Amino acid sequence: MNKPDQRRDMLITNGAIVTLGAENKIIPNGAILVQGAKIAAIGDTNHLITQFPNEEILDARGKLVMPGNICAHTHFYGAFARGMALPPGPPPKNFPEILQKLWWRIDRALTLEDSKYSALVCLVDAIRHGTTTLIDHHASPNAIDGSLDAIADAVNETGLRVCLCYEVTDRNGVEGANAGIRENVRFLRKVAGSRGKVVGSKEQVAGNLPHATQDLIRATFGLHASFTVSDATLEKCLMELDGLDAGFHVHVAEDISDEDDAEQNFGMRVGDRLNARGILGAKTIAAHCVHVDVAEIDLFKRTSTKVSHQPRSNMNNAVGVANVLGMLRHGVTVGLGNDGFSNNMFSEMKTAFLVHKSHQRDPRVMGADTVLQMAYANNGKICANFWDAPIGELSVGAYADIILLDYAPYTEMHAGNFPWHVIFGVDGSNVTHTICGGKLLMKNRELVNLDEEAIAARAMELSRGVWKRVQELGD
């Protein structure tokens, strides 16, 4: 179902405005003028009310007002894994077994409707926790064609900002790889066509996105990982990508087995292989990078490849802790994702803050300011590959992706110590209002356009079928 465009100009008043971005200031009793999808003015409440007396007012009533959160790497398709028992047999003892016994069964069990509803429940969770931009990486090997459209339908219903791709892999045979390539190319062309860009003939572009989401949905080209993608497939991906003005979204060295495979089968490490095959670059997102070495980090820097860090998932899968601080010191843009965990990105920030201290046994590493740099400034740089206005900051001309939170600090709060207020005080449960692209999606903790109970009920019905098929599937 297509939702009508609910965007209305508004003046958010009486808030503690946290701008982040280059100015990085807190404006007490501040106001934000939203016109269309973007921020038109920021300043003192009394001044903006006088200057714009006829605008519809959203009174923040002293709430914290800050940029919506960003997730630089996620998997909507994993939503139905919550609470699911693994098939009979010993539990997986390492990451390759986790893939074989869990994720590579779940993705094969998905239908197009499953893909849509797994996205819907994740997007509802994102709205509730103040995450307004997400970069997804999808897989559904038995329902590839049209799968990105199914997810785009979910995005259209929710009004969030999302970048989509399909995971190309050879693990389901040549036909599966080719189908994944076709789905990426088709959707890239569809998104470009919706933005008025001509790429391919009309026959190659099946329709445009709904008008309401043309400035929200973007696309990139998905790859699984080096150890499941052959050179022939990589070459075909590059050939099909030509002229589409896009990069790749690929898992890199999440587990040491990825590096072992590259060295055994190609005589080089994962980063070297992907660079030699033309995959790295300024528009490419390399997810995880837990086991990359110094030379690979240097490749990311020299090619301007962006990296996403997912500490909760890495801990859960016991794959290790990425050398994030080393990458940041070397000048690599490292953002923050969740790999399909809950879309409360405040929880991801807290985990990033803690895990590196524990791993290095040094309380001085990974300061809260560094965590927020990753979560907002660096994630904003990643988003700049897809959207043409700033994201992750409140500034004139930036997208009006804004959240309001109930947070009453009982110690002094200013721009310099705000990161530590986030880590030790702020949480997604504090979010009361979520605005994306100028549209109010949640007001006073009530979803504006979505029937959350109906979505959950249908997801429950569909998940039963997914669980049944997972039990029936072999490794």
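Guide: Accessible areas here come from the Shrake-Rupley method with a 1.4 Å probe. The model is predicted. By that method the accessible surface of the chain comes to about 18400 Å².

Visitor: What share of that accessible surface belongs to carbon and sulfur atoms?

Guide: Carbon and sulfur atoms hold 51% of it.

Visitor: How do you know which contacts in the chain join residues 24 or more positions apart, and what is their share?

Guide: A contact means heavy atoms within 4.5 Å. Of the contacts with a separation of 6 or more, 76% are between residues 24 or more positions apart.

Visitor: Why is Cys-289 called buried?

Guide: Buried means under 20% relative accessible area. Cys-289 has 0%, so the word applies. This residue lies in the loop between strand S12 (285–288) and helix H9 (294–303). Beyond its neighbours within four places in sequence, Cys-289 is in contact with residues including Val-252, Phe-300 and Met-327. By the same cut-off, buried residues make up 59% of the 475 in the chain.

Visitor: What makes H5 largely enclosed by the rest of the structure?

Guide: Helix H5 (residues 173–194) has 22 residues. Of these, 17 are buried, so H5 is largely enclosed by the rest of the structure.

Visitor: How do you know that the reach of H5 is close to what is expected?

Guide: The expected span is 1.5 Å times one less than the number of residues. H5 reaches 32 Å from its first C-alpha to its last, and the expected value is 32 Å. Just after H5, Gly-196 takes a positive phi of about 85°.

Visitor: What does the comparison give for H12?

Guide: Helix H12 (residues 345–360) has 16 residues and reaches 23 Å, close to the 22 Å expected. Among its buried residues are Met-345, Phe-346, Met-349 and Phe-353. Arg-361, which follows H12, has a positive phi near 50°.

Visitor: How far apart are the mean positions of the positive and negative charges?

Guide: The 46 positive and 56 negative charges have mean positions 2 Å apart.

Conventions. Residues are numbered from 1 along each chain as its sequence is written. This is a predicted model: local features need pLDDT of at least 70, side-chain atom pairs count only at pLDDT 80 or more; totals for chains, interfaces and linings use all residues. Side-chain values use heavy atoms; hydrogens and water are left out. Buried means under 20% relative accessible area, exposed over 50%, partly exposed in between (1.4 Å probe, protein chains only). Lys and Arg count as positive and Asp and Glu as negative; His and the chain ends are not counted. The place of a charge is taken as NZ of Lys, CZ of Arg, CG of Asp or CD of Glu. Helices (H or I, at least four residues) and strands (E, at least two) are DSSP runs, numbered from the N terminus.
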